[in-house]
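Please have your viewer ready and your selection tool at hand. We will go from stop to stop, and at each one you will find something to pick and something to look at.

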Amino acid sequence: MYTVFSTFDVPDEKSEEVISIYKNRSRSVDQAEGFIDFLLLQNDKRPGELTVQLIFDTKENYLNWVRSEDFKRIHNLEKKYPDQELAAVVPKVSQFKVVAK
């Protein structure tokens, strides 16, 4: 398995707005080959720190998703978000292969 974490900070008062966006996400990634799971995590002590976790069966299938037209379309929409403060957020991305379960 292969998991990717995208962690980003938003102002605490905007965290619920961002959570709502993710709750209503397109679910396009769910259809990607090798997709296993999606989670949105919120830091228990810092509500403005959010992490998207994607789990794929292989690194190759994750990379195929990142190179896909759906991925590009979704991430281009984020850049056009009306709230420019949120549109400017750049996540810290960490990628891991699962070595034990």
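Select helix H2 (59-66) and colour its buried residues, Asn-61, Tyr-62 and Trp-65. Buried here means under 20% relative accessible area, exposed over 50%, and partly exposed in between (1.4 Å probe, protein chains only). Helices (H or I, at least four residues) and strands (E, at least two) are DSSP runs, numbered from the N terminus. An α-helix has 3.6 residues a turn, so residues three or four places apart point the same way.

A word on what you are viewing: this is a predicted model, in which local features need pLDDT of at least 70 and side-chain atom pairs count only at pLDDT 80 or more, while totals for chains, interfaces and linings use all residues. Residues are numbered from 1 along each chain as its sequence is written, and side-chain values use heavy atoms, with hydrogens and water left out.

Next, show the strands. Four of them make an open antiparallel sheet in the order E2-E3-E1-E4; two strands pair if DSSP finds at least two bridges between them. E2 and E4 are at the edges with a single partner strand each, so one side of each has no neighbour in the sheet. Now zoom in on E1 and E3, which are joined by eight bridges. Pick Thr-7 and you will find its bridge partner, Thr-51, in E3.

Now turn to the largest pocket, with about 1000 Å³ of space. A pocket is an open set of points on a 1 Å grid over the protein atoms alone, where a 1.4 Å probe fits, with protein on both sides within 12 Å along at least five of seven lines; lining residues have an atom within 4 Å of a point. The volume is the space filled by probe spheres set on the points, which are joined across faces, edges and corners. Select Tyr-22, Val-52, Ile-74, His-75 and Glu-78, the closest to the centre among the 33 lining residues. Which helix gives the largest share of the lining? That is H3, with seven residues.

For the last stop, select Arg-27, in the loop between H1 and strand E2 (35-42). Its phi is near 65 degrees, a positive value in a residue other than glycine. Arg-27 is partly exposed, at 41% relative accessible area.
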